[in-house]
Amino acid sequence: MKRQGAINVKTKTEDCDGAPDNGRFYLAAAGFVIVTMLFVAAIMPYLFRYDFAKAGQFGDMFGAANALFYGFAFLMFIVTVSLQRNELVLQRNELKQTRLEFEKQSAAFEKQNEVLEQQRFEGTFFQLLRLHSQIVDSLDAKGSSGNVGFFAARLSDFMNQYLLGRGAQHALNAYEEFHRNNLEHLGHYFRTLYHIVRMIDDSDLSDIKKQTYMNLLRAIISKSELVFLCLNCTTTYGRKKFKPLVEKYSLLENCEWTHDYADQFRTQYNPSAFGEGGGF
């Protein structure tokens with residue numbers, strides 16, 4: 001079956017290729033006839049010595065030939081139209097092949113661009129993750145307490161020094177005060193973390209890939225850091241820009257805080273911030 005299909009294709013190709021040769025033959029024949037008629041018309045006055053009666057009789061002898069010539073001219077017209085049609089078919093096929101090749105090249109180019117964009121994104125992303133880890137290590141070196149890291153130690157300070165003895169209604173104000181007093185350390189940390197989250201959100205990645213990178217980021221954040229992220233986004237420092245992103249990507253999904261005043265902060269969020277659990 002494949003061989004027969006190949007033969008049919010070849011036959012069609014040969015027909016299209018042979019059409020111009022036949023057309024040139026017919027055009028040459030028509031040209032020859034026309035030149036012959038012009039030659040006869042030119043020499044007739046000399047043959048009949050300008051005796052137009054005899055010339056008319058002689059011309060009547062070619063009445064049937066004239067009809068034949070008209071038919072032949074019509075045939076040439078049909079051949080010309082057929083040749084033009086074949087040429088248009090060939091041009092359409094060439095344009096179709098060119099369009100298909102262009103579409104393939106465009107698809108390959110777009111795929112290559114996607115790969116390059118993702119490589120550039122990942123290079124920046126993992127570089128920022130290293131910077132984030134360096135900031136945490138630096139904070140631990142400066143403000144840790146014994147074997148407890150910076151954020152765990154500061155969380156204990158916040159609960160014992162700022163929340164203790166205050167009513168639940170003052171919990172949010174207590175953290176505002178704590179944040180201002182520790183802005184030198186917390187400001188740098190949260191600015192870096194916000195820009196990592198913002199870079200992922202602003203990228204051209206699909207929503208699934210964005211969530212994947214958010215999960216990678218969340219995986220390197222300690223539980224104490226997540227609690228501080230929850231506290232930070234309830235203040236004027238993170239409520240406007242950072243909090244919507246936290247809710248969009250469920251960055252507090254693994255956040256655990258069992259303090260009596262925890263609900264004062266949890267209720268500031270849309271449940272989506274805590275993922276499927278809905279809150280700590």
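Student: Is Cys 255 buried or exposed?

Tutor: This is a predicted model, in which local features need pLDDT of at least 70, side-chain atom pairs count only at pLDDT 80 or more, and totals for chains, interfaces and linings use all residues. Residues are numbered from 1 along each chain as its sequence is written, and side-chain values use heavy atoms, leaving out hydrogens and water. Buried means under 20% relative accessible area and exposed over 50%, with partly exposed in between, for a 1.4 Å probe and protein chains only. Because the relative accessible area of Cys 255 is 4%, the residue is buried.

Student: How many disulfides does the count come to?

Tutor: A disulfide is a pair of cysteine sulfur atoms within 2.5 Å. The sulfur of Cys 255 has its closest cysteine sulfur in Cys 230, 5.1 Å away, which is too far for a bond. By this rule the count is 0 disulfides.

Student: What is the relative accessible area of Cys 230?

Tutor: Cys 230 is in no disulfide, the nearest cysteine sulfur being that of Cys 255. Cys 230 is buried, and its relative accessible area is 0%.

Student: How far apart are the end C-alpha atoms of helix H6?

Tutor: Helices are DSSP runs (H or I, at least four residues), numbered from the N terminus, and the expected span is 1.5 Å times one less than the number of residues. The 20 residues of H6 (residues 183-202) should therefore span 28 Å, and this agrees with the distance between the end C-alpha atoms, 27 Å.

Conventions
Helix = DSSP H or I, 4+ residues; strand = E, 2+ residues; numbered from the N terminus.
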